[in-house]
Amino acid sequence: MQADSTIRVGAVSYLNTKPLVHGLAAAHSDIELVFDLPSRLADQLADGDLDVALIPSVEFFQDPSYAIVSDACIACRGPVWSVKLFFRKPPAQVETLALDEGSRTSAALSKVLLSERYGLKPQTMPLPIDSPFDSVDADAVLIIGDRAIHTPDEQFVEVWDLGQEWRAWSGKPFVFAAWVARPGFDTPQIAAALSAARDAGLENLAEIAAAEAPQHRLTTQQCLTYLRDNLHFILGSDEESGLALFHAHAVQRGLAPPNDRWTRHDCKAT
């Protein structure tokens, strides 16, 4: 915690985060809300510049001393709509894979699914956040966010919604991001504050959708459907189980270190 007792909380300014921070700073004068890219938030949390941050699950895996401090998260229990893998060749024939630099978690998920389903370990290349889809000549291309929602103008052999593919393969939800505290940070009331913000967001999804839809080139109904039906914001036992399974497969592929101490309050993910 900072010397002035301000709690610095980091979040990304993506559409899928809006329900989690709805009214958070306004309701808590001791919370300073900071918005940045996921990778930068993870770095700031690691450096101690943030007390709590909404970071991708792969980033959470990197430090065994990290703790999940809220039951609020970004997850899905089926199609997520905003994370897709586009195939220019049949999946079983993929040799090269371009990965959207906006999400390390989705990149890891792509590798896990291609490996498990087809025994593949394709050569990877980056797709910079601001680069167009057709700037890479890869057999398959992972894109997230608005670019995934608005399908590129190209013919594809197959398209995977990674939330749906994970669910079909594993039978479990997928957790994309969670609220994680830096080592040594211990303020129990942050859990209640983050959960309350999430609950307020869920109660006001229609308002959030109406405000956010235009800048994402969506209708209000499309935006509401995405937030209400495609995303899941509660980290329950099923989500923890899915997170643990993803971690196990990430460890097998050298994408994350082993970690036997995942703590959320007094509970352990199994």
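Modeller: Let us begin with the largest pocket of this predicted model, whose lining draws at least two residues from each of α2 (38–46), β3 (52–56), α4 (104–118), α5 (146–149) and β10 (174–181).

Colleague: How much space lies in the largest pocket, and which residues are the closest to its centre?

Modeller: The space in the largest pocket comes to about 750 Å³, and of the 36 residues that line this pocket, Y14, P38, G102, I144 and G145 are the closest to its centre.

Colleague: How do the residues of that lining divide by class?

Modeller: The lining of the largest pocket has 18 nonpolar, 11 polar and seven charged residues.

Colleague: Turning to the helices, why is α6 called roughly perpendicular to α10?

Modeller: Helix α6 (residues 162–170) and helix α10 (residues 237–252) pack at an angle of about 90°, their axes being 12 Å apart. Angles of 65 to 115 degrees count as roughly perpendicular, and the angle of about 90° therefore makes α6 roughly perpendicular to α10.

Colleague: Which residues make that contact?

Modeller: From α6 come W166, W169 and S170, and from α10 come G242, L245, F246 and H249; by class, this contact has four nonpolar, three polar and no charged residues.

Colleague: What is the mean pLDDT of the chain, and where is the pLDDT below 50?

Modeller: The chain has a mean pLDDT of 91, with 94% of its residues at 70 or more, but over residues 262–270 the pLDDT is below 50, although this stretch has 24 contacts in the model beyond near neighbours in sequence.

Note on methods:
Residues are numbered from 1 along each chain as its sequence is written. This is a predicted model: local features need pLDDT of at least 70, side-chain atom pairs count only at pLDDT 80 or more; totals for chains, interfaces and linings use all residues. Side-chain values use heavy atoms; hydrogens and water are left out. Axes are lines fitted to C-alpha atoms, for helices over the stretch in contact, and angles run from 0 to 180 degrees between N-to-C directions. Helices (H or I, at least four residues) and strands (E, at least two) are DSSP runs, numbered from the N terminus. Angles under 35 degrees count as roughly parallel, over 145 as roughly antiparallel, 65 to 115 as roughly perpendicular and the rest as oblique. Contact means heavy atoms within 4.5 Å. Ala, Val, Leu, Ile, Met, Phe, Trp, Tyr, Cys and Pro count as nonpolar, Asp, Glu, Lys and Arg as charged, and the others, Gly among them, as polar. pLDDT is the predictor's confidence in each residue, from 0 to 100. On a 1 Å grid over the protein atoms alone, a cavity is a set of points where a 1.4 Å probe fits but cannot get out, and a pocket is an open set with protein on both sides within 12 Å along at least five of seven lines; lining residues have an atom within 4 Å of a point. Grid points are joined across faces, edges and corners, and a volume is the space filled by probe spheres set on the points.
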